[in-house]
Amino acid sequence: MSRLARVRAEAAATYRTFLRRRTAVFFTFFFPVLLIVIFAGLVRTTSGSGGLFTEPTGYYVPAYLATVVLFTPLSRVGSTVARHREGNRFEKLSTTPLTRAEWLAAHTLVNVALIAAACAVLLVALLATGASFALSPWLAVLVPATSVAFCGVGAIIGSYADGQDGAIAASNGIALPVLFLSDTFVQPALFPSWFRPIVDLSPLAYFARGVRAATYSGGDVTTNAAVVVVLAVVAFAVGTLAIPWTE
Amino acid sequence: MTSAVVAEDVRKSYGDTAAVDGVSLSVGEGEVFALVGPNGAGKTTLVRCLTGTATPDSGTVQLLGEAPSETNDQRVGLLPQDFAPPDRLTAGELVGYYAGLYDDARDPDAVLAEVGLDADNDTWYGDLSGGEKRRACVAAALVNSPDVLFLDEPTTAVDPAGRRALWRVFEDLAESGTTIFLTTHDMAEAERLADRVALLADGAVAATGTPSELVAEYGGRPRLVVELPESVDAPDVPGFDPESTREGLVFSDVDPEDIGGVVAALDDAGVAFEALSWREPTLEDAYLALAGDAEGVEVQR
């Protein structure tokens with residue numbers, strides 16, 4: 001019970017702090033919508049002509065969702081860890097009953113809630129553009145699990161980056177190539193053959209394939225979801241250990 | 001007296017730099033212990049070793065009779081140096097947040113009132129003044145009613161009025177039996193609050209004692225400073241060896257009954273002066289003498 005109370009206290013403070021940063025709130029929700037406006041609304045392509053953005057909008061649903069489950073936790077958790085380190089907050093927290101796993105769990109919970117809300121906005125926006133895709137219950141597994149995984153990665157980045165600016169730069173520097181090299185906006189067939197196996201190393205690729213199978217193309221969701229869940233557990237554990245709770 | 005904090009031959013290095021170099025000390029339950037020392041002396045590193053937020057390379061630490069990592073968190077409070085909590089929480093929410101991390105915490109409103117911030121309960125931390133911020137941080141450190149409270153430079157950047165308000169809070173805590181381990185650069189703070197003071201220099205304890213013991217042993221003798229309109233060579237005053245400094249002529253070891261004789265000697269020598277000031281040595285004099293020695297710096301007094 002007290003463990004839950006501690007996580008709740010940390011999560012409540014985190015949630016309040018986030019909601020009061022209007023710029024952060026705006027761009028957390030505006031960024032994915034902006035992508036849809038650009039790629040699903042403005043970019044003109046012809047299906048079957050080859051190249052980028054030539055599949056129907058429904059094909060790219062996992063890509064739009066990927067922008068949220070990837071960028072939000074990486075940059076938010078990364079910069080939060082760096083901010084805590086710079087402000088000696090971990091030093092303070094380490095003398096309280098809160099553990100580093102509880103701290104990361106609280107911040108992950110808040111991120112998952114924000115990401116779920118942003119994904120909901122995104123899906124509504126996609127439906128508004130006339131995109132054809134299914135709302136699968138698998139989304140309730142894949143979105144939170146992938147968010148947890150990238151919260152763990154964000155904690156690792158924030159622990160080793162030298163300050164908030166470094167954490168944000170590092171998270172963007174990692175997220176951008178991962179986004180485009182993970183079977184999201186760019187189909188692996190467009191990469192050289194030697195590069196395609198590298199796509200399989202990206203955690204985001206399993207998210208994208210799982211979501212696509214569940215919402216658009218059909219196919220094996222279970223394997224992709226299982227990989228994502230395992231990665232989430234591993235990333236959360238490593239992220240917990242990386243947090244500079246004590247020197 | 002039972003010891004609340006014990007360090008024995010604690011050493012902690014960062015690379016080739018020994019931040020803490022063989023420190024041994026003991027703080028009794030209910031005692032207010034001040035650690036003073038120059039910047040970079042190792043005060044914060046020592047606090048971290050004592051609270052368990054850093055692990056010593058060697059030596060042992062006991063906090064409330066146990067290793068810091070084993071100590072009941074409920075009984076320990078910490079205000080870290082340069083602590084910057086979330087600035088988008090109100091003072092009330094901030095203290096409530098830390099209260100929520102403990103199984104048994106005090107009423108946040110009561111703690112805020114104790115540090116004089118009850119009127120700022122709904123003010124965002126980021127909108128508080130420097131002194132109010134520090135008081136809110138102190139409140140966050142008090143919310144679990146700690147038996148041992150570590151305060152790492154709690155009044156740095158706090159204005160004189162705010163500092164005195166915090167001193168009163170610390171005095172009330174000490175009166176209620178809380179053990180306080182305080183680091184500070186403010187000798188007046190150490191002299192007013194501490195039962196005992198330790199001077200840390202180059203990672204080692206240079207001296208420990210009550211403020212009066214340290215002043216008596218290291219503070220030197222009473223001084224008479226004669227402020228002059230212009231620099232003059234030190235005149236010949238029987239029984240004294242005045243030193244010409246930027247402050248004026250400084251006579252050391254002058255008792256109050258000797259002042260008349262000094263003034264008469266100055267008149268006889270034709271030395272005109274603007275003001276005289278006499279004072280007894282303070283903890284700051286002891287600090288400068290010790291820190292100067294320890295740092296290898298010649299202190300101009």
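This is a predicted model: local features need pLDDT of at least 70, side-chain atom pairs count only at pLDDT 80 or more; totals for chains, interfaces and linings use all residues.
**View 1. Chain B as a whole.** Let us start with the overall picture of chain B, which has 9 helices and 13 strands. Its C-alpha trace spans about 75 × 45 × 35 Å along the principal axes. Of the 301 residues of chain B, 46% count as buried. Among contacts in chain B with a separation of 6 or more, 70% come from residues 24 or more positions apart.

**View 2. An open sheet of 3 strands in chain B.** Here the strand order is 2-1-4, and the pairing is antiparallel. Strand 2 (17-28) and strand 4 (58-63) of chain B each have a single partner strand and stand at the edges, so one side of each is left without a neighbour in the sheet. On average, neighbouring strands of this sheet are turned by 15 degrees against each other, direction ignored. Strand 1 (residues 3-14) of chain B joins strand 4 of chain B through 5 bridges in the antiparallel sense. To find your place in the view, look for B:Ala7, which stands opposite B:Val61 in strand 4 of chain B.

**View 3. An open sheet of 4 strands in chain B.** The strands of this antiparallel sheet follow the order 11-12-10-13. Its edges are strand 11 (243-245) and strand 13 (275-279) of chain B; each has a single partner strand, so one side of each is left without a neighbour in the sheet. Strand 10 (residues 223-227) and strand 13 of chain B pair over 5 bridges, in the antiparallel sense. A handy landmark is B:Val226, whose bridge partner in strand 13 of chain B is B:Leu276.

**View 4. The contact between chains A and B.** Chain B brings 24 residues to this contact and chain A brings 21 residues. On the side of chain B that touches chain A, helix 1 (43-51), strand 5 (76-79) and helix 2 (91-99) of chain B each supply at least two residues. The residues on that side of chain B divide into 12 nonpolar, 6 polar and 6 charged.

**View 5. Helix 9 against helix 10 in chain A.** The axes of helix 9 (residues 203-217) and helix 10 (residues 222-242) of chain A come within 8 Å and cross at roughly 145 degrees. The crossing of these two helices of chain A is left-handed. Helix 9 of chain A contributes residues including A:Tyr206, A:Phe207 and A:Ala213, while those from helix 10 of chain A include A:Val227, A:Val228 and A:Leu231. The residues of this contact between helix 9 and helix 10 of chain A comprise 8 nonpolar, 2 polar and 1 charged.

**View 6. Helix 5 of chain A and the glycine after it.** At 1.5 Å a residue, the 29 residues of helix 5 (residues 100-128) of chain A should span 42 Å, and the end C-alpha atoms are 42 Å apart, which agrees. Just after helix 5 of chain A comes A:Gly130, with a positive phi of about 90 degrees.

**View 7. Two loop residues with positive phi.** A:Asp183 is not a glycine, yet its phi is near 60 degrees. A:Asp183 sits in the loop between helix 7 (164-180) and helix 8 (196-199) of chain A. It counts as buried because it has 24 C-beta neighbours inside 10 Å. B:Ser145, likewise no glycine, has a positive phi of about 50 degrees. Its loop lies between helix 4 (130-142) and strand 6 (148-152) of chain B. With 17 C-beta neighbours inside 10 Å, B:Ser145 counts as partly exposed.

Definitions and conventions
Residues are numbered from 1 along each chain as its sequence is written. Chains are lettered from A and ligands numbered from 1 in the order in which they are written. Two strands pair if DSSP finds at least two bridges between them. The expected span of a helix is 1.5 Å times one less than its number of residues. Two residues are in contact if their C-beta atoms, placed from the backbone, lie within 7 Å. Ala, Val, Leu, Ile, Met, Phe, Trp, Tyr, Cys and Pro count as nonpolar, Asp, Glu, Lys and Arg as charged, and the others, Gly among them, as polar. Axes are lines fitted to C-alpha atoms, for helices over the stretch in contact, and angles run from 0 to 180 degrees between N-to-C directions. A crossing is left-handed if the near helix is turned anticlockwise from the far one by less than a right angle, and right-handed if clockwise. A residue is buried if 20 or more other C-beta atoms lie within 10 Å of its own, exposed if 12 or fewer, and partly exposed in between; C-beta atoms are placed from the backbone.
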